[in-house]
Amino acid sequence: MIHRAVRQMVFDELGEDAWLALEHKLGIGPNELLTGMVYDDALTIAIISEASARLNLSVDVCLFEFGRYWIKYAERGSLASIMNFTGQDLASFIENLDRLHLAVGAAMPGAVLPSFTTVSKTPGRLMVEYRSDRTGLEPFVLGLFDGLITRFGATGDVKIADRKANVIVFELQYQDGS
Amino acid sequence: MLLKFTEQQLASLLPAYLRLDSSFCIKAIGPSVAEHLPNIRVGMRCTDVFDFIHTDIEQFFDNPQGVKPIRLVSHCGSTHLFGAAVFDKTGCILAVRHVLSEESMNNGTLYLNDFGYADPVVLSTMLISLQRAMLEESQATAIELAHERERSASLLERTGRVAGYMGHDFNNLLSIIRLNADRLLRKFGHDEKISNLAQIIRETAARGSNITQSLMKLSQQQTDTLLPIIIDDLIRENDTFLNSVVGSGISFDIDLQAGTCESVISYNGLLNCIINLLINAREAMPHGGRMSLSTSVAHGLATRKSDSGETEPSAYIAICVADSGSGMSEALLSRAFEPLFSSKPKGTGLGLASVRDFAKEMGGDVWLESQVGAGTTVHLHLPLANPSAEVQTPHKLGQSTVTPAIGTRHILLVEDEPYALEALAEMLEAEGYVVTPCASGEQAMHALEQQTYHLLLTDIVMPGKTGTEIAKQANRCQPSIKTILMSGYVPDSASLEPGWMFIRKPMDSDDLLRLVASAV
Ligand code: HEM
C-alpha cells in the first residue's frame, strides 16, 4: 500500500519510466507492491531514498513530500471512505488516528503502527504526541500533518515542539480556510 | 452500573445515548444525537422526536430492573439508532448506537466520533472497508502483473521471430556452401586434396547448421523434416523402446497391418505422439491390464468431422492405441484434449493436446472412444503420402534405388539463390533428371504453362511468389505433380497441404536425392 503510494508519487512527478528505472535498480517488481503484505522497512527506505535521488530531493524533504502525498493518495483511492469517516475536522481527525490504525492493525497483522495523542487543543492550535517504534520518520509525520491541514481547507504550519525518548511532540498552528 | 456513569463517561462510551425519566422525558442527550438532531432539547418527550419500532410504549417501564432491546428512528428519518434500554426506578438509559453501513461511512453522514471507543461494530466495519481497499489494490497489481507478463511474452516472441529469420537466412547460405561442396566432391573427388578440402567445408557447414538449429529451437521453430515415412517401420524400429514405455505389468500387443504405406510426417513428432498415448494408457491402468498398438490402412474420411470443409474420402493410415483401463466419462472425454487439462494429479495436461496438434498439422485427426470401466481407444489417423500408389510398394527410405527411367522424369526446380539453383540443377542433372531451373516464382508459373512435370522442387521463402503459392498453383494445374518444399525453417504447417514433402536446409545431397527418387 505504502509502496504503491510512493510509486504513484514518482509516476505523477516523473512519469512511468522513472519508476521502472527505480524498480530495475532495486531489483523489485509489481510483486513488491502487493497490498496487504508487510515489508521490511529496509526496502521501504531503499525505495524512498532511490525516489528522492530521482526527484532531486533530500531524503528528509522527500519524506515530507511523501507524507503530504500519502494524504492525497488515501483521499482519492479506495481508502477515501475510511478517510472521510475518520473525522470531519482536523482536531477530531487527529484524535481518531489511533482508532483508524487499530483497524489497520487488524487488517494487516504485523504492521508497526504509530500512536497519536492530542495533549492540548485550543482554537487554531494542536499539540500532538507521536509515539513510534521507528525512528527517523519525523519529516514524514510533518508532511502528513501538513497534508491534513490542507485536506481540511486550512492553512498553517507544523513544527516539532519537543522530543523525549520515543515521544515527539508536534505543534500544529492553523487558520480555517473559510 | 451503566446508570451510575457520569454524562461525560457515557458520552465517550455511547455518544448516541439518551437518558429518560419514566414519562419519556429526555434528561440527557449524547453528543452525537445532539449533533445529528440540532433541535432536540432536554425536557422534550422522546416519543415526540423518535418512533420506537416494534415496542409497546404502554408497557415500556413495566420492569424497572430489566433490559429491553430497542430500535429508534427519528421522525425526520435521518437518524437510526439501535441497542438496549436499561431501566431503574427513575427511568432508563437508551444505550444505543447509529446503524453503520459502508455507505453512511463514505457519504459523510456518520463519523468515527459518532461511535464509542470500545464499539466493535466500528472496528469491523472499518476492517471490511480496509480489506475492500486492499483487495482493490491487489487486483490492480495483479492486472499490472498480467500485463507485465504479456509484455515480456510478446518481447520474447519478437526476439524469437528475429532469431528464426536469422536462422533461416543463415541456413540458406549454409545450404549453398554445402551443395557446392558436394558438387566439388562429385566433380573432383578423385583428387584427394580437393576431396579433403571439400570434406572440411561440408563438416564446417554441418557444424554451422547445428548452431542454427539450436537457435531455431530456441525461437520455437520446428526443425523437423517432413518426409514420407513407413509407419509400420517406425514402430518396428522403436519396438523395444515402446515396450519399455509400457512397462512389465501390462500385456502389450503390437499388430502392424499398414504394410509399406507411408505418410508425410515428422519422424520424431509421430514417435512422441505414440509415446504420449502409451503413457496415457499405462497411467489409466495402475494395476496392470492389456494394451495394444495397431496400424491399418482404411478408406473414408481421415478426419472425424468434415469441419475442415475440404475433406474428401481418401485412404489413410489408422493408428490405434487401446487399453483395458478405467475408461472416461462423457464429461472427461469432452475435455480430454484441452491443453493443461488433466484428470491425473501429476498430469501436465499437455499429452493429448500435443497429439492433437500434431495430427492436425499433418492433415490427420485424433479422437477417443471410451466407456467407464471398459477402457479407452485412441484413433490417430494420418493421410497416406501417395494414395494412388497405395497398392504399390513405395521406396523405403535409405535404399536409394535410382532407376534408369530417370531420364524421362521432369523436375521443375525453383530457387532464388543463383548459386544454390546452379548447384541443385547440376546435381539433379548428374543423376539423370531433366531439370527446368527457375530463379523466381514468376518464371516457374511460366514454366508450368509450357509442359507437365513429375516433380516440383521449390524453395519456400522467396521475393514475389512464395514456394507454397507456387506449389498450390502447380497442384491445381497439374494434379499429378509431386511437391517437395525446401526451406531454412519449417513453415507454418497450416500452409502445407497433405502429401507435400518438406526438407530442411541445409540438406544433405544424398538425402535430397533419396527424397526426390521416392517422390517420382
Ligand atoms: C486510510 C488511511 C491510512 C491507512 C490505511 C494507514 C495505514 C498505515 C500502515 C499500513 C502503516 C504501517 C505499516 C507498517 O509499518 O508495516 C502506517 C503507518 C503510519 N501511519 Fe498510517 N494509515 C492511514 C492514514 C494515516 C494518516 C492520515 C496519518 C497521519 C498522521 C498516518 C500516520 C502514520 C504514521 C506516522 C505511520 C508510521 C508508523 C511508525 O511510526 O512506525 N496514517 N499507516
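Predicted model: local features only at pLDDT ≥ 70, side-chain atom pairs only at ≥ 80, totals over all residues.
Visitor: Where does Asp459(B) sit in chain B? And is Asp459(B) buried or exposed?
Guide: Asp459(B) belongs to strand S16, which covers residues 455–459 of chain B. Asp459(B) is buried, because its relative accessible area of 0% is under the 20% cut-off.

Visitor: Switching to salt bridges. How many are there over all chains?
Guide: The structure has 22 of them over all chains. One is in chain A, between Glu138(A) and Arg163(A), with the closest N and O atoms 2.8 Å apart.

Visitor: Where are those two in chain A?
Guide: Glu138(A) is in helix H8 (residues 138–151) and Arg163(A) is in strand S3 (residues 154–164). The pair links distant parts of the chain, 25 residues apart.

Visitor: Glu138(A), buried or exposed? And Arg163(A)?
Guide: Glu138(A) is buried at a relative accessible area of 15%, whereas Arg163(A) is exposed at 53%.

Visitor: Back to chain B. What does Arg132(B) form a salt bridge with?
Guide: Its partner is Glu102(B), and the closest N and O atoms are 2.2 Å apart. Arg132(B) is in helix H5 (residues 120–188) and Glu102(B) in helix H4 (residues 102–106), so the bridge ties together parts that are 30 residues apart in sequence.

Visitor: What are their relative accessible areas?
Guide: Arg132(B) has 42% and is partly exposed. Glu102(B) has 27% and is also partly exposed.

Visitor: And Arg178(B), what does that one form a salt bridge with?
Guide: Arg178(B) pairs with Asp508(B), the closest N and O atoms being 3.0 Å apart. Arg178(B) is in helix H5, while Asp508(B) lies in the loop between strand S18 (501–504) and helix H15 (509–519), 330 residues apart.

Visitor: Are Arg178(B) and Asp508(B) buried or exposed?
Guide: Arg178(B) is buried, with a relative accessible area of 12%. Asp508(B) counts as buried too, at 18%.

Visitor: Which residues are linked with them in a network of salt bridges?
Guide: Asp182(B) and Arg202(B) are linked with Arg178(B) and Asp508(B) in that network.

How values were computed. Residues numbered from 1 in each chain as written. Chains lettered and ligands numbered in written order. Heavy atoms only, no water. Helix = DSSP H or I, 4+ residues; strand = E, 2+ residues; numbered from the N terminus. Buried < 20%, exposed > 50% of the residue type's maximum accessible area, 1.4 Å probe, protein only. Salt bridge = Lys/Arg side-chain N within 4 Å of Asp/Glu carboxyl O.
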